[in-house]
Amino acid sequence: AKSEHLSFKLSYYNEYKSYLSMKILSITLWKKDGEKAVELTSIHDVSSFSYFQRGAVKDFMKFTSQLMADRTAPGERKSVKEQEYICHSLTRSDCVGGVAICDDEYPQRVAFGFILKCLETFLSLHPKSSWTVLPYTDMPEIKTQFDLFQDPKKADSLSQIQGDLDETKVILHNTIEQVLERGEKLDDIVAKSEHLSLSSKQFYTTAKKTNSCCTIL
């Protein structure tokens with residue numbers, strides 16, 4: 001009986017530790033303007049990265065979010081895994097959507113629920129008719145959701161808002177390259193990107209050579 005009790009406690013502890021390690025790194029909300037996505041608002045948390053990497057990591061979060069948003073059609077949901085990170089993207093049928101970057105242990109269903117909750121919150125404060133100057137830079141209400149959903153177990157009940165997207169199949173890609181159209185090359189998109197500074201592009205090249213953290217970021 002003692003052994004069973006200890007086993008239960010260890011199992012509970014490991015599950016709890018797993019939840020503690022889960023993290024949302026970024027959320028970006030978009031509206032689709034033809035094939036191009038236009039940013040509505042965003043939050044990026046780079047505190048878990050070294051001080052000298054943070055600028056480049058933030059740039060690549062923005063770059064990856066733009067790339068995913070541009071390639072997620074209305075009604076689609078996509079998840080792309082790259083090393084220890086995963087990028088979740090959805091676009092609603094009314095052409096607004098979001099991209100969340102999380103660690104790969106964060107539950108997929110809760111991640112999509114988080115995006116939808118952020119969209120719901122944003123649209124309640126800023127209906128489409130009020131979109132004159134984008135993006136919105138000060139959104140404490142979205143930051144509240146960002147902080148709340150860091151614990152997926154507590155946030156799970158809040159993510160039950162998926163509605164008609166519940167039956168939508170999630171397209172899972174194993175690398176960011178699989179999202180690209182035929183003939184597109186990630187290196188070329190990075191080189192041409194307006195979201196990336198010269199130092200961030202150099203950081204990408206170095207990281208790729210060493211198989212380091214930033215092929216998704």
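Please keep in mind that the model is predicted.

Start with the layout. The protein has 7 helices and 6 strands. Reading from the N terminus, the order is α-β-β-α-β-β-β-α-α-α-β-α-α.

Now the whole chain. There are 217 residues, and 46% of them are buried. The exposed surface comes to about 11800 Å². Carbon and sulfur atoms supply 52% of that surface. Next, contacts. Take those between residues at least 6 apart in sequence: 63% of them join residues at least 24 apart.

Let's zoom in on helix α3. This helix covers residues 108-125, which makes 18 residues. From first C-alpha to last, α3 reaches 26 Å. That is close to the 26 Å expected at 1.5 Å a residue. Is α3 mostly covered or mostly open? Mostly covered: 13 of its 18 residues are buried.

Now the histidine. H88 sits in strand β4, residues 85-91. Is H88 buried or exposed? Its relative accessible area is 1%. The cut-off for buried is under 20%, so H88 counts as buried.

What does H88 touch, leaving aside its neighbours within four places in sequence? The list includes K78, S79, G98, V99, A100 and C102. Q108, A111, F112 and I115 are in contact with H88 too. Recall that helix α3 spans residues 108-125.

One of these partners deserves a second look. The side chains of H88 and S79 are joined by a polar contact of 2.7 Å.

Note on methods
Residues are numbered from 1 along each chain as its sequence is written. This is a predicted model: local features need pLDDT of at least 70, side-chain atom pairs count only at pLDDT 80 or more; totals for chains, interfaces and linings use all residues. Side-chain values use heavy atoms; hydrogens and water are left out. Helices (H or I, at least four residues) and strands (E, at least two) are DSSP runs, numbered from the N terminus. Buried means under 20% relative accessible area, exposed over 50%, partly exposed in between (1.4 Å probe, protein chains only). Contact means heavy atoms within 4.5 Å. Accessible areas come from the Shrake-Rupley method with a 1.4 Å probe; for residues, only the protein chains shown count as cover. A polar contact is a pair of N or O atoms within 3.5 Å; within protein, one must be able to donate a hydrogen and the other to accept it, and residues adjacent in sequence count only if both atoms are side-chain atoms. The expected span of a helix is 1.5 Å times one less than its number of residues.
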